[in-house]
Amino acid sequence: MFTTLRRQAGTGLAVLIVFTVLCGLVYPLLVWGVSRIPGLSATAEGQGPVPVVAVDPVAADAAADPYFHTRPSVASLPASGGSNKAQDSVDLLTVVSQRRALIAQREDVAPAAVPADAVAASASGLDPDISPGYAALQTVRVVRVTGLSENRVQQLVADATDGRILGFLGEPTVNVPELNAAIAAATTSRQE
Amino acid sequence: MNDTLAGLLQVALLLVLLAACRAPLGDWMATVFTTQRHWRVEALIYRVVRVDPSSGQRWPVYAAGVLGFSFVSIVLLYLLQRLQPLLPASFDRGSVGPATAFNTAISFVTNTNWQSYVPEQTLGNTVQMAGLTVQNVLSAAVGIAVAVALVRGFVASNTDRIGNFWVDLTRAVVRIMLPFAFVAAVLLLVMGVTMSLRSGADVGGTTFPLAPTASQEAVKQLGTNGGGIFNANSAHPFENPNALSNLFEIFLMLVIPVSLTRTFGTMVGNRRQGSVLLAVMGGLWAIMLTLAWLAETHPTGAAGIAAGAMEGKETRFGIPSSILFGVSTTGTSTGAVNSLHDSWSGGAGGVTLLDMLLGEVAPGGVGAGLYGLLVLAIIAVFLAGLMVGRTPEYLGKKLGRREVTAAAVSILVMPTVVLVGAGLAIALPGTLDALNNDSAHGFSEVLYAYASAANNNGSAFAGMTVTSDFFQSTLGIAMLLGRFVPILAVLALAGSLARQRRVETDPGTLATDKPLFGVLVAGTVVLVAALTFFPALALGPIAEALA
């Protein structure tokens, strides 16, 4: 029995070495080679046409905050992660209430008007997207602070919005870094 | 379009894709494991490792192959992690501690992919590629080999040979896992998944860790492995950037387990036998999906309601795409996550737990799902035989004492390990400090951990801190027992089935290719799990959902 096991383990070691080369070097490096094709290489390096990861921007002056904000993150950035708090967690309820109050104050709206994604931390902690509802909520403040017209800002929000893929996959999203870059560009060109 | 309709259309598209692939892939796999012809690259491998591909093995030798191979795999993976500072492209991420390295080596070799470390801060490219990607392929191939050996036991007659493990393993890697993983990886690249040998990328002024993602993501899903190359797993935008990649990743984890039912039907010469098993898997999956969806869209916890059940979910996925992923990942033995199960509602989180405790047969892991359900089908035939008082037969083989004993051992290991492990952990004073949540949900975290380990799933109620030596070692042992005891029992079963001559069916034989048998098997699956786990579930998710 032990002789059989030892002999089979010996064969196993040889097989493992062969497959480590095949599956651990040849296969991933082939895929990496494909990823060097122009058109794929930028997203492969995390540099897509729009950022797919984001950290919430911090305004220099909280009273004149020109940014659209991402969802809360509890990750130890830049590593990814979420809170793992349960839906009956008292801690989570406290945190969510605090976030709701802060956002309501920042946007000058009633706490009940703050949408769910604004007060809930994402799973990755790097989520670049917010719901169209949360973007709409922040539009009023961004219009006031940047001096851009409401139509202009709404247009930029619409440009940064993606509907469901094929009309039914996933959820509608607004990409925050893309939107903030567009707002910054519009603000600069207006001032010049 | 309203949310429910969009979600249902997504499920429909997934089912269409799976239905389209099942017959061609299932029949391809049947050909792979029955043909006499070797590919040139395979012949070369056999020569290098000095294996005679034409020699069949008795079941103890086949089993020794599985165990010996898995043992050296664990040792190599442990050493790679411990010696990481000496390896190239490790980005100064240091040597992995002994307890974590032990747990991780077992975890990836047993197809569990439980992770007690933060990958993007712990592992460099060499360990990821030469260690983890390799085991993502190989542990899946081992699962397929064992399932095929069991099916051969039914097909063969009057022989003590059940195939050659090294041939089955090599073919599973060369003809199934690697080519399909390569195609899947390229499609993931097109969908926007990252693939980099650099340590990080500057996005908007912050440097985010990068990794050789696409190649590992493809095989992580296709092989029902589930170990993320990033901490947030498939919730990380670099691993799963949009709803299309998300649907594709769900498809990848289901396609081989679903297609193996066709392989089984084709190999035993009656495709309806495979269709019945598929119906059981699909029926359970659909029930779990419905329950979880209902629970998550009607949360009961105050915090869950306040946060609209969005805590721990990504905006681009929302509730339906997160639920679809979560039910599929726990119904297979994948354990990848695109949302945090710990933050799901009591009811929906309980469904993911139950999905694993059913023995992961909805539709189960690569290979493990098929042999797991075949074992439960044997129990179902045995129960039916007891009712009418005749010797039970399945696929022309009599199920005597040896066969039923092997089947019983195979299904009893997991509940034993889960209940003893969780019971022991909860009795220890230190455990309460490791929990991330209070009361019933805290208990669910512990139960989930042992259910995930013993079923080789690998998903987690991840708030719990599992880095203590106690958890690292007991969860490691749970993974070993949950993987290899059933495999040994299944191979013994294959051996004793192969030795029998086929018996002729008569009008009194239970028809195992009819819907009624499907109902009997599904009933057996649910009954075994319900009787074993109801008390534990009542203390955890059920208490939480009713609170």
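User: What makes B:F208 the partner of B:A201 in this predicted model?
Analyst: A bridge joins the two residues, with B:F208 lying in β2(B). Strand β1 (residues 200-203) of chain B and strand β2 (residues 206-209) of chain B run antiparallel and share four bridges. Two strands pair if DSSP finds at least two bridges between them, so β1(B) and β2(B) count as paired.

User: Which residue in the hairpin of β1(B) and β2(B) takes a positive phi?
Analyst: B:G204 does, with a phi near 60 degrees, and the hairpin has two residues between the strands.

User: How do you know that the span of helix α3 of chain B agrees with its number of residues?
Analyst: The helix covers residues 59-82, which is 24 residues, and at 1.5 Å a residue these should span 34 Å. The end C-alpha atoms are 35 Å apart, which agrees.

User: Why is α3(B) called largely enclosed?
Analyst: A residue is buried if 20 or more other C-beta atoms lie within 10 Å of its own. In α3(B), 18 of the 24 residues are buried, so the rest of the structure largely encloses this helix.

User: How does the radius of gyration of chain A stand against that of a compact globule?
Analyst: Chain A has 24 Å, whereas a compact globule of 192 residues would have a value near 16 Å. The C-alpha trace of chain A spans about 80 × 50 × 35 Å along its principal axes. Of the 192 residues in chain A, 44% are buried.

User: Which element gives the largest share of the side of chain A that touches chain B?
Analyst: The contact takes 76 residues from chain A and 98 residues from chain B. On the side of chain A, α1(A) gives the largest share, 23 residues. By class, that side has 41 nonpolar, 26 polar and nine charged residues.

Terms used. Residues numbered from 1 in each chain as written. Chains lettered and ligands numbered in written order. Predicted model: local features only at pLDDT ≥ 70, side-chain atom pairs only at ≥ 80, totals over all residues. Expected span 1.5 Å × (residues − 1). Buried ≥ 20, exposed ≤ 12 C-beta atoms within 10 Å, placed from the backbone. Contact = placed C-beta atoms within 7 Å. Nonpolar A, V, L, I, M, F, W, Y, C, P; charged D, E, K, R; others polar. Rg over C-alpha atoms; globule rule 2.2 N^0.38 Å.
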